[in-house]
Amino acid sequence: MKQLLCPFDFSEAATNAAEYAARLAQDRNMDLVLLYIEQLSAWHGTVSEVPGGLPLADDWAQGTKEQLRSYAGFIENQFKIRCTADFRAYIATIATALTEMIALGDFELVVMGTNGADTEIDYFFGSTTYQVIVKTRKPLLLVPENCRFEKPDKLLYATDYCPDDREHITRVLTLFARYRPELTVFHVSRNRTAVSDEVFRCFRDILDDEVNQKRNIRFKRAIGDDVPGILTDVMRDHDLLVLLTRNRSLVSRIFHRSALRKLSLSPDFPILVFPYQMDK
């Protein structure tokens, strides 16, 4: 059985993400793994062959490990799912350690909590989260701290006309099939011209023929350069935003630090990011 992975550090954002992930696991009859990574500044002993298998630094780390197991037990009892605790110690950045652990497991989805506070954007989005996004080969669901789980009825798939759109739209609809959501394929054009109008019509017609058989899919387009602002406005009528990292220009416009500030000032919706190259 495939699993959901939730990186966990006992913060409010991580706790909220764990409960969000537990609801998904409950609905999809899947297991949940809570992963805590202790970042060591240095290690002078023998390096374990097991990834993240270095000895715990001190009694505090051992206590944290027990707390993690206790919280996993709480999740099991609260949501009636199987939840395991995984504690790892690394001499590496959090992003590198997370990417390695994600690659080792048979995870269908990684659920990460985020905090949209301005004081943490440069550290969290600009470093850890962004690096995991560009390195991982698994779908990554970013859940803002104030976003509680709701049935995903309306999904927004943002695209810059990628050849992989059909495959990823199919995977999105499969992932959330239980909820029978409505999906809107959404494109932001910088300017409106006859050429851009024709490109959008061709893209819509081709994709509609390929994936819209018996599926609830709509197509929508907006004009402008403020991608975060446009997406934030459109997301008021949707439950979840889907991005594909192969859309390098779109992702760079959204995940640039200045753009992230705009997008995260009111982080009330989750973002599902599909990687540039994804494990099957």
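**Chain overview**

Biologist: How much of the chain counts as buried?
Modeller: Of its 280 residues, 52% are buried. Buried means under 20% relative accessible area with a 1.4 Å probe, protein chains only.

Biologist: What should I know about the model?
Modeller: It is predicted: local features need pLDDT of at least 70, side-chain atom pairs count only at pLDDT 80 or more, and totals for chains, interfaces and linings use all residues. Residues are numbered from 1 along each chain as its sequence is written, and side-chain values use heavy atoms, with hydrogens and water left out.

Biologist: What does the secondary structure come to?
Modeller: Nine helices and ten strands. Those are DSSP runs numbered from the N terminus: helices are H or I, at least four residues, and strands are E, at least two.

Biologist: In what order do the strands sit in the sheet?
Modeller: The open sheet runs β3-β2-β1-β4-β5-β10-β9-β6-β7-β8, with mixed pairing. Two strands pair if DSSP finds at least two bridges between them.

Biologist: Which are the edge strands?
Modeller: β3 (83–90) and β8 (217–223). Each pairs on one side only.

Biologist: And how many bridges join β1 to β4?
Modeller: Three, and these strands run parallel. Leu5 has Val110 as its bridge partner in β4.

Biologist: Switching to α7. Why is it largely enclosed?
Modeller: Helix α7 covers residues 227–234, and seven of its eight residues are buried, so the rest of the structure largely encloses it. Among the buried ones are Pro228, Ile230 and Leu231.

Biologist: What caps its N-terminal end?
Modeller: Asp226 does. One of its side-chain oxygens lies 3.2 Å from the backbone nitrogen of Gly229.

How values were computed
Buried means under 20% relative accessible area, exposed over 50%, partly exposed in between (1.4 Å probe, protein chains only). A polar contact is a pair of N or O atoms within 3.5 Å; within protein, one must be able to donate a hydrogen and the other to accept it, and residues adjacent in sequence count only if both atoms are side-chain atoms.
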